[in-house]
Amino acid sequence: MHDSVQEIAKTRRFLKERLQRDYTTVRGYESERNNVRQLLQRTAEMGESNSLLLIGPRGAGKTTLINAVLTDLLENKSFVDNTLIVHLDGNLHTDDRIALKSITVQMRLENAADGKVFGSFAENLAFLLQCLKAGDKKSKSVVFVLEEFDLFCTHHNQTLLYNLFDVSQSAQAPICVLGVTCRLDVIELLEKRVKSRFSHRQVFLFPSANKFEDYVSLFQHLVSLPSNKELQAAVDRIDSLQMFKSDAFTFQRNHFDGVEYAFDKKHVENWNKQIEKLIKTPAAQKTLQMLYDFDVSEAFLKTFTFRLVAQLKADAPHITVEQLTALGAQYECDDKVELLCGLSVLELCLLIAIKHHSSIYDRDPFNFEIIFGRFSKFAKVSTTMQGVERAIVLKAFEHLRIVELIMPLSSSGMGKVQKEFEMHKMALTYGQIQQAVQRYQALPTEVAQWAQSSII
Amino acid sequence: MHPLNLARNAGSWPQLIKSKQMENICAALEPQFPCRESAITTLAELIGDCNEAYPPAIYIYGHSGTGKTSLSKAFLLQCQQQQKVRTAQLNAIECYTTKILLENVLDSLSQENSEQQLAAESLRADNMLEFVEQLRRWHGSKVRGFLIAVDNAERLRDMDANVLPVLLRLQQLTGLNLCVLLLSQLPFEKYYNKTGLSEIISLHLAQYNKTETLRILSSDFDQMRRQMLQQMKEDQLHLAEQALTPDFYSNYLNLFLSVFYKACRDVPELQLTARKCFAIYLQPVLDGSVECTDVSRLWRHIAGPLRAALTQIYMRIDKPLGEPAVEDQSVRKLAQSLELPYYGKFLLIAAFLASHNSAKQDKRLFVKHHGKQRKRMQTVNARAKNVDKMSTTLGPKSFSIDRLLAIFYAILDEKVGLTCNLLSQISTLVHLKLLSFVSGEQNIMDGSAKLQCTVGLDFVVHIGKVVGFNVRQYLCDFM
């Protein structure tokens, strides 16, 4: 009995950790992966300089791909000895000064650079690279990984990019620049002089959107438990992460590690059989199909699976179809409609008045006075809304504005215009209001009827 | 299980004890937050156990008064007490720069080890990189988890562009077992920017429905009863003790909600007002004039005060109980009580007319022999009444002082000199905020200053009645 409880807790912990912290497993993208690996290998072994952009939508696995390639290469002793990896993130290194400082630290050259005065950015960078050359004949190569590459393009004069690409072009020192971005038009952001120095090597990562079967098997893989042998293989693979010397790469620190886990063979078999059964049910297939239609990325599926796995408990030891469909339904529903259903009847009435105004005047903007006029016409003939004071209606109107269901036309216009007369626009569709009216609990019939037709 | 037993068994089933952590938190929180069981369970599943991997970020949204802040605060406190997790809670409104936000987070997270270094030097983070590096330094410490809750998260959108993306990916960037909770009233789609954001788990705290609201409000009963009985005089005590039953209170709440629920669903606000009005409800029972079971007569007593209280909701006007809760704030009273001089009233009317009529119409409105107007189809169509496009609903336009004075002389029957006394009344009206400057406040003398009338139609109509002037007659909207 307690064994099984323990097994469940362990399963839950294991699955959660694998979903959350497996930063190095890439599925698919074989050719892209080889491409990047060869590039890095050539930099490390032959001392070639290169630059490459990795482009793909959010959650496609760009960073994971680089991590995986690095993990592969770290097994190689000569790679470890010959290369330095510098990691920069556009969100963290918001200007070139910070970036350069960080580069110095990551190359472990603080001491060498200490007290030196550099005339220019290029000089400084050249000095850093020069330091690596000193000593033996063959100089160390440096791999620069630039996450959120598009943000580096906004830096003043794009100095960092210019210098990095310049070095990689002119064969001063072997460096490889790997840019990672989700903007497809990133090349257009580069200045002309920077663009001409870039190698124009681009690798596009798009999650394959045409095979639902793959998606289902990925889901199955994410929730299944591995056998002890597979577990061991995974552990061996990430052993090389120990070789990482960089402080900026943090994924190796709390990377998912299977060492602590050993599952009872029977439990694993039992569990996996259950999962297989679950996936075969039509309801599960339907939910997965819906998720697949929303978003094909692996990151999205992982978040979903994480929430699913989190529901495992001692008294609910298996993932059930009901849990799966219930969670899927949460993704399907519209957040705004949910919020609309939490409004008071008065606030919903105002939204209906706004809807009528918009449909009559072809989405013209409106102010409080207009809406109040329309609302009071309804209030006069209705039994529920009679005697609601103007001040309360104004408060309700302001509440709608706070939750951004209606938005002021100009954000700067505040102060000059009285709030009753400030123009707003609606941030909802008619369909959403309609849905909310249908789903609202205990809505007075006359309000529902008014929502249908503006004639009172 | 007996605690001693639990302790003895802890060695043999360490996993089992750990798996109980979630349940402990749930058990501690559920009595505190009625009708929030499912949200508590979901939170506990996600971040209830610091030995498991936290998700990178959770977005909790719902209307104000649904318990976002208090629930997460209590949850984090439980985590901190039971599992020694480091927590930080902050309000984005208080953090008007990124630096303040980051240093606040660091300060709260570092609380434990700052005991050695003392609070003398609080941690500094000038930019995002230093913040992340400081967090990375805590890697390898004994702490199993970090939780950061940011209230009013919609404010993060107005901060530096990198704040929100970094917070959402903080776990990956720092390599710590760390989770960021964002609390807000908006749906998450309002946060999307040009390049998108990483995945977040969103959790909706639905507004309480009527039954749940009743349940929460009636949990006040014991406290209310105690409070009421304390205030009673000797002779009423017996009567009050008899009357104050849960049934009596829930009857009251039903009546109360029948008035308030349509306009306001904010539970804390309802709670506040319900407490305030209860004494009025109880009054006739204490007098002995109404039986405590006679709901319909009690309703007749309370209906008026409740409706009056409805107009004051959200205002938090603190008044001693028992007094008539509200004073009549109607526009009529306000207009009649305004002590303006005679010419001042006409100036105000003139300003209103100037604000709400176009200058083109002035000749037609105020000049005796304005000539014959040609009737053309175009003008007829243009004049077709359109309530929503009336200038009284679209708001006041600006006018110059010259125009104001011209209209003033046109609507005033008697002749007055243009004296400084008259002109000073304009500035009085501006001081009273009945008029406001739109532009050219500095250039009043050269006539380029533009003014605007800030009062509404009702108000001016009442003022007009006082001086015997029909305002509507002179408004283009009503012609």
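Student: How much area do domain 1 of chain B and domain 2 of chain B bury between them?

Tutor: In this predicted model, the two domains bury about 430 Å² between them, and 58% of that area is on carbon and sulfur atoms. B:P34, B:C35 and B:G65 supply 81% of the area that domain 1 of chain B buries against domain 2 of chain B, more than any other three residues.

Student: Why is this area called buried?

Tutor: The word refers to accessible area that two parts lose on being put together, summed over both. The value of about 430 Å² for domain 1 and domain 2 of chain B is such a loss, so it is called buried area.

Student: Which residues make up these two domains of chain B?

Tutor: Domain 1 of chain B covers 20–109 + 124–204, and domain 2 covers 210–324. Their C-alpha centres lie 39 Å apart. The contact takes five residues from domain 1 of chain B and six residues from domain 2 of chain B.

Student: What polar links are found across the interface of domain 1 of chain B and domain 2 of chain B?

Tutor: There is one residue pair in polar contact, and zero salt bridges are found there.

Student: Let us turn to the two chains. How many residues of chain A are in contact with chain B?

Tutor: In chain A, 76 residues are in contact with 75 residues of chain B. The two chains bury about 6,500 Å² between them, 54% of it on carbon and sulfur atoms. A:R13, A:L92 and A:L339 supply 10% of the area that chain A buries against chain B, more than any other three residues.

Student: What makes the pair A:K313 and B:E45 a salt bridge?

Tutor: The rule asks for a side-chain nitrogen of Lys or Arg within 4 Å of a carboxyl oxygen of Asp or Glu. The side chains of A:K313 and B:E45 meet at 3.0 Å, N to O. This value is within the limit of 4 Å, and therefore the pair is called a salt bridge. The count between chain A and chain B is six salt bridges.

Definitions and conventions
Residues are numbered from 1 along each chain as its sequence is written. Chains are lettered from A and ligands numbered from 1 in the order in which they are written. This is a predicted model: local features need pLDDT of at least 70, side-chain atom pairs count only at pLDDT 80 or more; totals for chains, interfaces and linings use all residues. Side-chain values use heavy atoms; hydrogens and water are left out. Contact means heavy atoms within 4.5 Å. Buried area is the accessible area (1.4 Å probe) that two parts lose on being put together, summed over both. Domain bounds come from an automatic or database domain assignment. A polar contact is a pair of N or O atoms within 3.5 Å; within protein, one must be able to donate a hydrogen and the other to accept it, and residues adjacent in sequence count only if both atoms are side-chain atoms.
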